[in-house]
Amino acid sequence: MSEAPASPAKVYFTNLRTHGRESQLDKLKRLIRRAGIDQIDFENKFVAIKIHFGELGNLAFLRSNYARAVADVVKELGGKPFLTDCNTLYVGSRKNALEHIDCAYQNGFTPYATGCHVIIADGLKGTDETLVSVKNGEYVQEAKIGHALMDADVVISLTHFKGHEGAGFGGAMKNLGMGGGSRAGKMEQHASGKPSVTTEKCIGCRACERICAHGAISFEGTRERELANGTTREIHVAEIDHDRCVGCGRCIGVCNQDAIAADYGAAAEVLNYKIAEYTQAIVQDRPNFHISLAIDVSPNCDCHSENDTPIVPDVGMFASFDPVAIDQACADAVMAQDTLPDTELTESRARLEEAGALDEEHAHDHFYVTHPDTAWQAMVEHGEKIGLGTREYELVEVR
Ligand code: SF4
Ligand code: SF4
């Protein structure tokens, strides 16, 4: 809603237990009604349900059944829901509207399954955008938001809460702010988070070069590589041209030598500041509501065409009018979980401990341990600072 966020904000939560004949989908509907979704005037309103359809090959994204449940409630309340997302920066299965819709359908988000249509908010090539002045914005003058998302009368985020290699975690703000940005909007958010190559780790496999859509990686430099038989060989190593790089991060994920890392520190924080400001641009002055499911808590974004095992057990479902509070509540709930064995988190923890790089402050931060170069707190702190919401929340359990 447009008025200043209440503090503490109410965040409604239910676990995944079911009793009697009530399904988890029924429970989700009950949760969002209890959280007050019917306070929004949906009558004949276009309602954007912002969701991530999942990259082809990924299996951690939210099932279409959840989208159906939310769309059904919106329709029961008189609204006209549609599912939406914007195109990606990187080359994958969602880089233009046609492929994006194909991907959504292949992943189950057909009108038959969900009862509503898919509209790619920033159009065929990711250029259909609306420029939006950000209230209290410090890092973004005019956010570039997918046009259909800004055209909607009501915005609902339906988020798969998980880890994220750039933001630390992917919650409501990441779903809306980064996901709702047009291609130029995504570039603006990523611009200060450009990665570099640690030459000594690079083995010259060129996987990064193949996945880079911007021709930013070259192999002019060389180094001596020690081979298994004790001899050395000169190899060409990767180098990233920051003038061409858009900071999409695909090369980081594809490098199995961990030779590429974002130049974080301030950049990781600025990325999250911008995500908060993009979220502000999308929800300011419009009714908005947020639903996050902390299930299949994978270490990385659903943008990956694969998904590693979850880092913690399934937690449950959350709903709130406050995008900052729901992200903080989900983060707290995930970090309260014991970690699962043999995950990206446990591997990263072992590396940090071996290097003596895990201090007490971060030892129990599952997102930091999984992605030590990220700074998720910057997103919720900045979201609070610009009046998007509050980190203070009251958790209301719905049984
Ligand atoms: S993917 Fe990694 S190891 Fe392979 S060339 Fe790129 S930086 Fe080097
Ligand atoms: S982050 Fe990596 S893949 Fe993306 S544009 Fe830059 S160099 Fe290319």
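The exercises below, each with a worked solution, concern a predicted model.

**Exercise 1. Determine which domains the assignment gives and what distance separates their centres.**

Step 1. The domain assignment gives domain 1 as 9–191 + 266–397. Domain 2 is given as 199–258.

Step 2. Taken over C-alpha atoms, the centres of domain 1 and domain 2 are separated by 31 Å.

**Exercise 2. Describe the shell around ligand 1 by its nearest residues and by class.**

Step 1. The shell around ligand 1 has 13 residues, of which Cys202, Cys205, Arg206, Cys208 and Cys255 come nearest.

Step 2. Sorted by class, the shell has 10 nonpolar, 2 polar and 1 charged residues. Cys counts as nonpolar and Arg as charged in this scheme.

Step 3. Arg206 also takes part in a contact with a ring: Arg206 lies over the face of Phe219, at 4.2 Å from the ring centre.

**Exercise 3. Decide whether helix α7 is largely enclosed or largely open, and list its buried residues.**

Step 1. A residue is buried when its relative accessible area is under 20%. In α7, this holds for Arg183, Gly185, Lys186, Glu188, Gln189 and His190.

**Exercise 4. Classify the aromatic pairs Tyr139 with Tyr273 and Phe289 with Phe321, and locate their members.**

Step 1. The count of aromatic pairs comes to 10. Tyr139 and Tyr273 are 4.8 Å apart centre to centre, with 35° between the planes, and the pair is tilted.

Step 2. Tyr139 is in the loop between β5 (129–133) and β6 (142–146), while Tyr273 belongs to helix α10 (residues 266–283), so the pair ties together parts that are 134 residues apart in sequence. Tyr139 is partly exposed, with a relative accessible area of 33%.

Step 3. For Phe289 and Phe321 the ring centres are 5.0 Å apart and the planes lie at 80°, so this pair is edge-to-face. The cut-off for that class is over 60 degrees.

Step 4. Phe289 sits in strand β14 (residues 288–294) and Phe321 in the loop between β15 (316–320) and α11 (323–335), a link between distant parts of the chain, 32 residues apart. Phe289 is buried at 0% relative accessibility, whereas Phe321 is partly exposed at 22%.

Step 5. Ring pairs also link Phe161, Phe169, Phe367 and Trp376 into a cluster.

**Exercise 5. Give the number of salt bridges in the whole structure, then characterise the pairs Arg30 with Glu22, Lys45 with Asp41 and Lys385 with Glu138.**

Step 1. The search of the whole structure finds 17 salt bridges.

Step 2. Arg30 and Glu22 meet at 2.7 Å, N to O. Arg30 is partly exposed at 31% relative accessibility, and Glu22 is partly exposed at 23%.

Step 3. In the bridge between Lys45 and Asp41, the N to O distance is 3.2 Å. Lys45 is partly exposed at 25%, as is Asp41 at 46%.

Step 4. The closest N and O atoms of Lys385 and Glu138 are 3.1 Å apart. This pair links distant parts of the chain, with Lys385 in helix α14 (residues 377–385) and Glu138 in the loop between β5 and β6, 247 residues apart. Lys385 is exposed at 57%, while Glu138 is partly exposed at 40%.

Step 5. Lys50, Glu55, Asp85 and Arg94 are joined into one network by salt bridges that share partners.

Key
Residues are numbered from 1 along each chain as its sequence is written. Chains are lettered from A and ligands numbered from 1 in the order in which they are written. This is a predicted model: local features need pLDDT of at least 70, side-chain atom pairs count only at pLDDT 80 or more; totals for chains, interfaces and linings use all residues. Side-chain values use heavy atoms; hydrogens and water are left out. A residue is near a molecule or strand if one of its heavy atoms lies within 4 Å of it. Buried means under 20% relative accessible area, exposed over 50%, partly exposed in between (1.4 Å probe, protein chains only). Helices (H or I, at least four residues) and strands (E, at least two) are DSSP runs, numbered from the N terminus. Domain bounds come from an automatic or database domain assignment. Rings of Phe, Tyr and Trp (its six-membered ring) pair if their centres lie within 6.5 Å; planes under 30 degrees apart count as stacked, over 60 as edge-to-face and the rest as tilted. A charge sits over a ring if NZ of Lys or CZ of Arg is within 6 Å of the ring centre and within 35 degrees of the ring normal. A salt bridge is a side-chain nitrogen of Lys or Arg within 4 Å of a carboxyl oxygen of Asp or Glu.
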